[in-house]
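Reader: Please give me a close look at one part of this model. I would like the surroundings in brief, and then a walk through that part, piece by piece.

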Amino acid sequence: MTVTLDVRDLCVLFAGPPQRSVIDGSVSALLVDAAMQASLPQGHRVGLPQVTFTVNAGECLAILGASGAGKSSLLRTAAGLQPAAGGSVLVAGRDVTALPPEQRGIVYLHQEPVLFPHLTVMDNVAFPLTVRGMPKREAHRRAFAMLARLRVGELAGNAATALSGGQRHRVALARALCADPAVLLLDEPLSSLDPAVRRDVRAALLQAREVSGAATILVTHDLDDAMAVATHVAAIGPFGDLSVPTAPADLLHAPPTLSVAQLLGVYAELPGVAERDAQGSRFRWIGGVLEAPDAEPGQAVACARSYEVEIHDGGSLDVPALTVVARRDAAHEVVLDLRDAAGATVTVRAPNGTGASVGDVVQVLLRHARLFSIR
Amino acid sequence: MTARTSSLRLLSFIALLLFATAPLLMLMVTSLSRGWFYPALLPAAADGSAWRELFTDAGRRDALVNSIALGIGTALVATTLALPLGRAAALSTRAVRRSVALLAFTAVALPPVALGIGLQLTVLRLGLGGTLFGVFLAHLVPTLGYLTLVFLGVFTRWDGRLEESAATLGANGVTRWRLVLLPLLRRPIADALALGFLVSWAQVALTLLVGGGAVRTLPLDVLAMLQAGQDQRAAAGALALAIPALLVLGASRVAARSTSAVVA
């Protein structure tokens with residue numbers, strides 16, 4: 001497989017003065033050396049100090065991150081729309097770091113599709129061909145073919161301003177693909193869409209992947225979007241670090257850090273203590289004890305998904321009994337706040353159909369959990 | 001809607017119509033009549049000589065040509081300067097934006113006589129007093145102020161993502177201007193050209209102070225005829241002064257309709 005996009009030690013900037021990190025109390029800008037700090041453009045600070053990843057042709061890497069984590073800044077820097085403070089961007093082996101956006105072979109799609117309002121849909125899609133000097137007739141022929149492949153051929157003669165949300169996304173994608181990009185950057189195209197349009201745009205993104213051999217990056221804060229579209233997923237951590245890209249199911253099953261697990265938004269976090277003695281290592285929390293062979297002694301958090309949790313009536317298991325103090329029903333799970341006899345509380349996620357009500361005494365059986373040490 | 005509200009609305013409309021058109025009607029009648037003196041209700045005779053003279057008298061024709069040349073030149077140069085200036089200011093820091101807006105507004109807000117005396121002293125030092133070029137430079141100052149404010153407003157609301165999209169789709173700077181910016185700026189540029197022309201077209205104080213009477217323009221001629229008691233000629237000249245403004249108003253309405261049709 002050919003490596004199409006190779007990002008090495010890219011230092012991504014944010015607009016604004018240095019900001020104190022709420023995670024560790026340090027100044028994030030101190031993660032880079034003083035010389036680099038002094039060379040930053042005025043009014044900028046280091047956001048993501050050193051980002052490295054590759055994307056192969058035909059693959060789609062989803063980058064997950066919380067709001068403000070720097071997902072969009074990373075894409076804009078790779079596209080050449082904002083300056084980098086260091087590192088390099090290689091497209092098909094060619095260093096494009098110093099090149100202007102139009103010479104990089106990278107197409108960037110904004111969160112809201114930006115169509116040229118003075119052009120028809122056909123002229124919008126033909127735009128990248130027109131700027132390359134292709135005769136209008138041929139450009140229109142190819143543009144129409146691309147529109148048809150994305151199932152919006154009937155819109156060719158429409159004004160760009162007369163489209164629905166989903167249509168705008170499809171037309172913008174068709175236009176991007178007409179540029180035949182080596183790299184396609186998608187900046188949260190699925191956020192703020194209603195469920196029906198979201199399904200439609202997801203389908204369009206999958207069609208675009210089939211049509212194009214481009215290396216694609218999709219940034220999102222939604223795991224479902226990443227699972228639906230991407231071949232690989234990576235997450236931006238609290239210090240601006242990017243996790244190693246992995247298959248979406250692998251990341252979901254085994255998040256590399258607690259912050260990534262928190263970002264995924266599907267885990268209950270069960271705080272406790274990891275212990276080690278002659279018999280081995282275990283994790284103790286208010287709901288019981290788990291075998292944890294590799295656990296480092298000390299404070300830790302166990303993360304469990306709803307289907308890994310069983311809620312039993314009090315007294316049936318050999319684990320501490322907990323009282324249900326609150327219950328919230330969500331679309332795919334039930335969230336229970338539980339309290340032990342000493343007054344300590346914990347929140348667990350249980351499968352839909354769990355019958356526990358407020359005031360019930362229950363016992364929790366964890367069938368599987370991931371353990372993260374807290375240092 | 002009640003009958004009373006409807007009647008009030010109709011009366012208001014008629015009053016507004018009379019208010020707006022009465023001076024123009026009076027000018028029209030005066031410019032085409034001879035021997036219309038108080039207390040006569042109607043003119044003694046119809047006479048189109050004032051209009052003929054406007055185009056055939058050499059002095060009057062020069063004044064007209066000067067006014068047109070100054071209007072077109074000022075509009076073109078001021079638009080050419082104000083567009084990049086407004087854009088650069090809008091894309092800059094808030095402090096720069098405010099400073100540029102303040103400077104532009106100063107040129108607009110200063111009383112024409114105060115501005116004219118300042119400009120007169122400057123132009124005289126440049127050796128351009130009493131020349132058409134000196135008057136052109138003087139007209140440029142308030143016009144540039146107006147148009148910079150226009151383009152500052154346009155680019156403050158401008159969607160920069162359009163250019164970013166065009167860039168990543170392969171358009172270089174020149175192509176982005178040709179295929180994206182200029183087509184989208186067609187309406188503001190047309191408005192700016194019209195406004196620039198009208199600001200210059202209506203200048204009296206600046207022309208008088210900087211031109212020192214040596215540069216004749218239509219507004220100066222109209223004032224001179226009025227002072228000389230030549231009401232008929234003054235009325236024809238005044239109407240000629242009003243025509244471009246009315247044409248620009250009509251053209252901008254048409255342009256607004258056609259722009260709406262494109263973006264609807």
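Author: Of the 264 residues in chain B, 33% are buried. That figure, like every other one here, comes from a predicted model. Chain B is built from eleven helices and two strands. Its elements, read from the N terminus, run α-β-β-α-α-α-α-α-α-α-α-α-α. Its C-alpha atoms fill a box of roughly 75 × 65 × 30 Å along the principal axes. Among its contacts with a separation of 6 or more, 72% join residues 24 or more positions apart.

Chain A has nine helices and 19 strands. Its C-alpha trace spans about 80 × 50 × 35 Å along the principal axes. Buried residues make up 46% of its 375 residues. Of its contacts with a separation of 6 or more, 68% link residues 24 or more positions apart.

The part to look at is an open sheet. Five strands of chain A build it, in the order E6-E7-E8-E3-E9, and the pairing is parallel. Strands E6 (106–109) and E9 (232–235) of chain A stand at the edges. Each has a single partner strand, so one side of each is left without a neighbour in the sheet. From one strand to the next, the twist averages 20 degrees.

E6(A) pairs in the parallel sense with strand E7 (residues 183–187) of chain A, over four bridges. Leu109(A) has Leu186(A) in E7(A) as its bridge partner.

E6(A) also brings chain B back into view. Where the chains meet, 19 residues of chain A are in contact with 17 residues of chain B. Both E6 and helix H3 (121–130) of chain A supply at least two residues each to the side of chain A that touches chain B. E6(A) gives the most to that side, with three residues. By class, that side has 13 nonpolar, three polar and three charged residues.

Next, strand E8 (residues 215–220) of chain A, which is where Ala215(A) sits. Is Ala215(A) buried or exposed? Ala215(A) is buried, because 26 other C-beta atoms lie within 10 Å and 20 or more count as buried. Leave aside residues up to four places away in sequence. Then Ala215(A) touches Thr4(A), Leu5(A), Val55(A), Asn56(A), Ala57(A), Glu59(A), Ala182(A) and Val183(A). Take Glu59(A) from that list. Glu59(A) and Ala215(A) are 156 residues apart in sequence, with 5.4 Å in space from C-alpha to C-alpha.

Now strand E3 (residues 60–64) of chain A. E3(A) is mostly covered, with five of its five residues buried. The cover lies on both faces. Cys60(A), Ala62(A) and Leu64(A) are buried on one side, and Leu61(A) and Ile63(A) on the other.

E3(A) stands between E8(A) and E9(A) in the sheet order. With E8(A), E3(A) pairs in the parallel sense over five bridges. Here Leu61(A) has Ile217(A) in E8(A) as its bridge partner. With E9(A), E3(A) also runs parallel, joined by four bridges.

Helix H6 (residues 195–211) of chain A has 17 residues. It reaches 24 Å from first C-alpha to last, close to the 24 Å expected at 1.5 Å a residue. Which residues of H6(A) are buried? They are Arg198(A), Val201(A), Ala204(A), Leu205(A) and Ala208(A). Down the axis of H6(A), these buried residues fall within an arc of 120 degrees, so they line one face of the helix. In an α-helix there are 3.6 residues a turn, so residues three or four places apart point the same way.

What do the buried residues of H6(A) pack against? Their partners are helix H5 (165–178) and helix H7 (223–229) of chain A. The face turned away from the buried side carries the exposed residues Pro195(A), Ala196(A) and Glu210(A).

To recap the sheet: E6(A) and E9(A) form its edges. E6(A) gives the most residues to the side that touches chain B. E3(A) is buried on both faces.

Notes. Residues numbered from 1 in each chain as written. Chains lettered and ligands numbered in written order. Predicted model: local features only at pLDDT ≥ 70, side-chain atom pairs only at ≥ 80, totals over all residues. Buried ≥ 20, exposed ≤ 12 C-beta atoms within 10 Å, placed from the backbone. Contact = placed C-beta atoms within 7 Å. Pairing = 2+ DSSP bridges. Axes fitted to C-alpha atoms, helices over the stretch in contact; angles between N-to-C directions. Nonpolar A, V, L, I, M, F, W, Y, C, P; charged D, E, K, R; others polar. Expected span 1.5 Å × (residues − 1). Arc of directions from axis to C-beta.
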